[in-house]
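Hello,

Here is the structure I promised to pass on to you.

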Amino acid sequence: MISRSRWLTVVAVLSLTTQPALAQERPLRFFISVDMEGIGGIGTGAMTTSTGKDYSLGRELVTAEVNVVVDAILERLPDADVLINDSHGDHQNLHHTDLDPRVTYIQGAIKPLGMVQGLDGSFDAVLFLGYHAKAGDPDGFLAHTGTGSVKGLWLNDVEVGEGGMNAAFAGSHGVPVILAAGDSAAAHELGTQLGAVTITTKTAETPESARLIHPERVHELLAEGVDRALDRLARGGFEPFYLGSPVRIRMRFASTTHVDILMSIPGMSKVDGFTVAYTAEDADQAYRLIRLMYRFVQS
Ligand SMILES: [Zn+2]
């Protein structure tokens, strides 16, 4: 959890006019994880696939959305440090040369922490952009968890999707998620589970088609959302999503072969033909193992 003194620093830095001395003590650090399915203006799976129709437009849209959010943060906090982690597919989607030059950017998917690579306890807040709902959500657009081979993921018996899993990692380092943007099912899931400010960018018409809000309107909503999130952060209004210790992982797969392979990991247990369980020390260790289980072990 975040110590009281840490929150006081956050409050002080955000109240720039009254606490200039503390404001210079340490600029706030923001971590932005960027997926693609939930970006405003993306209404097909093809737009999120490098070989698909209009993927180039998808890349422009995801880059523009990130820039809007970065600009909203830096307008309020010009000294803030912002790290962007490309978090979709091969993690090479943003037109990074068109990103706001004030940010730093992580590209490439071969990284143990995937969507939260680079995030640690030195950050003050996390934002999720372009997110989607967890596997099996009937109201979600392109809903999934990790890859299509995962049918369900539970941490301490709470079912989570990618947003919840990433938030649990952040929470194990004391960092709260302050804003999450994506389709209406993702916004509902993450607003309920994390207490983050949520922005709805579209609504699923079917699991693979979406009723879109124009990207320009989405950008307005995001800028307003960042403002609200920063106001709340200044009041100490966010709690990290902290699961405690240990963290029990239960993971259900599409294939029994996948489960059989995972049983080679010491400490892994088989719940049923499609489901394994493992007790991790904390959400940090759980995250690394889960990432291995779905990303680097396949069948
Ligand atoms: Zn994705």
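**Where the two domains meet**

In this predicted model, 26 residues of domain 1 are in contact with 18 residues of domain 2. For orientation, the domain assignment places domain 1 at 4–234 and domain 2 at 247–296. Their centres, taken over C-alpha atoms, are 26 Å apart.

Between them, domain 1 and domain 2 bury about 2,000 Å², and carbon and sulfur atoms give 62% of that area. On the side of domain 1, the residues that lose the most area to domain 2 are Ser149, Trp154 and Met165, which together make up 25% of what that side buries.

What about the polar side of this interface? The rule finds 11 residue pairs in polar contact across it, counting pairs with both residues at pLDDT 80 or more. There is also 1 salt bridge between the two domains.

Which elements of domain 1 supply at least two residues each to the side that touches domain 2? They are strand E5 (150–155) and helix H4 (162–172). E5 gives the largest share, with 6 residues. Sorted by class, that side of domain 1 consists of 13 nonpolar, 10 polar and 3 charged residues.

**The sheet**

E5 also belongs to an open sheet of 5 strands, which run in the order E6-E5-E10-E12-E11 with antiparallel pairing. At the edges are strand E6 (158–159) and strand E11 (269–272), each of which pairs on one side only.

The pairing of E5 with strand E10 (residues 247–253) is antiparallel and has 5 bridges. To find your place in E10, look for Arg252, which stands opposite Gly152.

**A hairpin**

Another pairing to look at is that of strand E8 (residues 197–206) with strand E9 (residues 209–212), which is antiparallel over 4 bridges. The two strands are joined by a hairpin through 2 residues. Here Ala204 has Ala210 of E9 as its bridge partner.

Best wishes

Key. Residues are numbered from 1 along each chain as its sequence is written. This is a predicted model: local features need pLDDT of at least 70, side-chain atom pairs count only at pLDDT 80 or more; totals for chains, interfaces and linings use all residues. Side-chain values use heavy atoms; hydrogens and water are left out. Domain bounds come from an automatic or database domain assignment. Contact means heavy atoms within 4.5 Å. Buried area is the accessible area (1.4 Å probe) that two parts lose on being put together, summed over both. A salt bridge is a side-chain nitrogen of Lys or Arg within 4 Å of a carboxyl oxygen of Asp or Glu. A polar contact is a pair of N or O atoms within 3.5 Å; within protein, one must be able to donate a hydrogen and the other to accept it, and residues adjacent in sequence count only if both atoms are side-chain atoms. Ala, Val, Leu, Ile, Met, Phe, Trp, Tyr, Cys and Pro count as nonpolar, Asp, Glu, Lys and Arg as charged, and the others, Gly among them, as polar. Two strands pair if DSSP finds at least two bridges between them.
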